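Have the structure open as you read.

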Amino acid sequence: MSDTEQAAINAGTVWWDGELFSGKPNFSKLLNYPDPTLNETEQAFIDGPVEELCAMLDDWDITHNRKDLPPEAWQFIKDHGFLGMIIKKQYGGLDFSNYAHAKVVMKIGTRCGSAAVTVMVPNSLGPGELLQHYGTEAQKDYYLPRLAKGIDIPCFALTSPHAGSDAGGIPDFGVVCKGDFTDPITGEAHKDILGIRLSWEKRWITLAPIATVLGLAFKMYDPDGLLGDTKDIGITCALVPTNVAGVEIGRRHYPSGSVFMNGPTWGKDVFIPLDYIIGGVAYAGKGWQMLIECLSVGRCISLPANSVAAGKVASYTTSLYARIRDQFGLPIGKFEGVDEALARIGAYTYQMEASQDLALTALDLGEKPSVISAILKYHNTERYRKTINDAMDIHGGRTVVWGPRNYLANGYSSIPIAITVEGANILTRSMMIFGQGAIRCHPFVLKEMQAAMSNDGVAFDQAFSAHGHFILTNIFRSFWLGLTNGAFSHSPKSGVSARYYKQMNRVAANFALLADMSMFSLGGSLKFKEKLSARLGDVLSQLFICSAVVKRFEKEGATKADEPLMQYAAQQALFDAQTAMDGVLKNLPARPLAWLLRILILPTGLRIAPPSDKVGTKVAKAMMQGDETLSRLAANMYIPQDENEPIGVLAPAHAAVLATEALEKKLRHMARNAEFSAISPADQLQEALSKNIISQDDFDAITRARKLKRDVIMVDDFDMQLHDFDPNLLQRHVF
């Protein structure tokens, strides 16, 4: 095991993921975990400053005209402490819970992705978090108040052109030596002091173009033994003011059309004092451990919250649009092909928020769930991709054309960012989830490895003996639960959710046996069998997601209206887990063992079905009603109360279309029967009024509904040079 692997396994804590790995999860424990909540201050912040900030943001203008947030938005963000949500109150920060931090990012993300990234990065993996955990008192006292108030803008530079997912392979280096240094803060000159001479080239660093303080990860060397006997000290993190001589910033990347500040930083032979190391000299060489411990927190919050935001926007807009927009005389959402995609959008959004809320519960209980953070990062961002794709398909031409009215295009174009950053999804799935989970979460494997590495025969024998008993127990449980599909296992709840607890018991036992036998047959080579490792990780992930879904359902009162949504989300997770297990069994190299395991794990075949068409249609209908189910799916989303806004018009249009649906049906019937002398719908409406077929109130209601409906379905047009958008031109041709 390499040092970086050892550090990754040692980082973080084991929580509900350990229960799932046990093969016999205690669901009463799951249900007894406290539900995350906002305190009065946090709720007031979301209802006040967050709402105000969202109202200031015009995503089209920011993305296509300004290429930046407007100055007043930047100032508002600084003045109201958005950059210091995680910083303690003693340093002037807001000191919000992880749950509140996530909900702030999510709400901003439903309005403007670039603004959400701007806010989330200083509160995620960056100088603020590292300083609070590891900084010296002097570093905390100076920097944290400045970061909290936006006086300093931080960035953290880890990724280089030659080391992306392999962060441990960064080529950037610093050599301990003596040199002259002029303090950029005080202007004081120092001669021949002990420090570090740094050279680096970093890319893809958010906020780097405007940063005033640069967090920097580099490999530190002490060839002359100025600090001690160790020559290769290891990865170290330092905090460097960007006005130090030789620090280069100011150029920008253009990430998938998004305009949050992101760019390179570089420097050659830049000399800094030793006290610029975060935590001081005592933390030299401990940078990798510091980063992965903090990453296990940040990866549960930022990208998963942005993914939830995308799901909420997709759910809200697509549900209402599918009910407003009609073709062939029917709302498009009533066509089964559309309701199939709409149900997926709702279910994936339900899964994403449920999974993140469960992970945030862990964080606010003081846990650092590294495996769960990897699950969340991969699966939430992949669901982001799926929900936006389905939403774009349903909207069709409405969201193909870019312009101020298109509320999905920027989110769609930003998908590669979420998939790539904070650990590329391919590697997160194939190497991290099970690669860490198998050792970190297993009841006995880590104990066995630690005993073997320390040559402790007694401890090894105890762990190995317990492990053997664990395997034998799971053999019998897996076969019995597979034979009965979990029908006779325990459920902490009765009613509609009971079957999902029982099936999770079954899948958890199957998974525990499959994981052990995969490790037994492949040994250390399993980490190189990335396809198998990915599928094993999928089983663990889907169990976590299904757990989160049923917990959310209970938390929200197990309402009748949400039953189809919960059923679809839970059933899909279980079906995906079964598919992953089947994939492992089909590809396990030890074929006789795989045949035996198929009997023990899937004795009656693939019994877990995907969600039925009937349940999917119920989900789509509930979403298109636009009431309680959709309200819970879209909770805390920013929805402008302005009919001139492309999202703001949806609810009024939806209400107006439903209110006049019977009247419109009557008019269509008369038109088909040639009862009108007029040809155009507008003239036919006027004729119906003049003949007293409808009242003036009906006429006014239909006229308003048609106008709002047209506002919903219209797309933008520009002059021949694709600029000078004029919304008044959209009203020129009305039939």
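Is D711 buried or exposed? At 11% relative accessibility, D711 counts as buried, because buried means under 20% relative accessible area, exposed means over 50%, and partly exposed lies in between (1.4 Å probe, protein chains only).

Before going further, some ground rules. This is a predicted model, where local features need pLDDT of at least 70 and side-chain atom pairs count only at pLDDT 80 or more, while totals for chains, interfaces and linings use all residues. Residues are numbered from 1 along each chain as its sequence is written, and side-chain values use heavy atoms, with hydrogens and water left out.

**Salt bridges**

Back to D711, which has a salt-bridge partner in K707, with the closest N and O atoms 3.0 Å apart. A salt bridge here is a side-chain nitrogen of Lys or Arg within 4 Å of a carboxyl oxygen of Asp or Glu. Both K707 and D711 belong to helix α30 (residues 696–713), 4 residues apart, or about one turn of the helix. Helices (H or I, at least four residues) and strands (E, at least two) are DSSP runs, numbered from the N terminus. K707 is partly exposed because its relative accessibility is 47%. Elsewhere, salt bridges with shared partners tie K103, K312, E353, D357, R552, K555 and E556 into one network.

The structure holds 32 salt bridges. One of them brings together the side chains of E19 and K29 at 2.9 Å, N to O. That pair links distant parts of the chain, with E19 in helix α2 (residues 16–21) and K29 in helix α3 (residues 27–32), 10 residues apart. E19 is buried, because its relative accessible area is 16%, whereas K29 is partly exposed at 35%. Another salt bridge joins R203 and E201, with 3.1 Å between the closest N and O atoms. R203 is partly exposed at 23% relative accessibility, and E201 is also partly exposed, at 34%.

| Salt bridge | Closest N to O |
|---|---|
| R203 and E201 | 3.1 Å |
| K707 and D711 | 3.0 Å |

**Rings and charges**

How many aromatic pairs does the structure hold? There are 18 aromatic pairs. Rings of Phe, Tyr and Trp (its six-membered ring) pair if their centres lie within 6.5 Å; planes under 30 degrees apart count as stacked, over 60 as edge-to-face and the rest as tilted. F76 and F82 make a tilted pair, at 6.2 Å centre to centre and 40° between the planes. Both F76 and F82 are buried. F328 and F335 pair edge-to-face, with 6.2 Å between centres and 75° between planes. F328 is exposed, given its relative accessible area of 78%, while F335 is partly exposed at 29%. W15, W16, F27, Y33 and Y501 make up one aromatic cluster.

Two charged ends also sit over rings, as for R552 over Y350, 4.2 Å from the ring centre, and K286 over Y283, 5.3 Å from the centre. The test is NZ of Lys or CZ of Arg within 6 Å of the ring centre and within 35 degrees of the ring normal. R552 is also one of the residues in the salt-bridge network described above.

**Around strand β4**

Strand β4 (residues 213–221) is mostly covered, with 7 of its 9 residues buried. Strands count as paired if DSSP finds at least two bridges between them. β4 pairs in the parallel sense with β1 (residues 154–157) over 4 bridges, where A157 stands opposite L216. β2 (residues 173–182) is also parallel to β4, over 3 bridges, and V175 stands opposite Y221 there. β5 (residues 232–241) runs antiparallel to β4 and is joined to it by 9 bridges, with T236 as the bridge partner of F218.

**Surface and backbone**

F479, W480, L483, F488 and I599 form a nonpolar surface patch, with about 530 Å² of accessible area together. Patches take residues with over 30% relative accessible area and no salt bridge, joining like charges within 9 Å and nonpolar side chains (Val, Leu, Ile, Met, Phe, Trp, Tyr) within 5 Å. Areas come from the Shrake-Rupley method with a 1.4 Å probe, and for residues only the protein chains shown count as cover. Helix α20 (residues 457–484) supplies the largest share of the patch, 3 residues. W480 lies in α20 and is partly exposed at 44% relative accessibility.

Finally, K67 has a positive phi of about 60° although it is not a glycine. K67 sits in the loop between α5 (59–66) and α6 (71–79).
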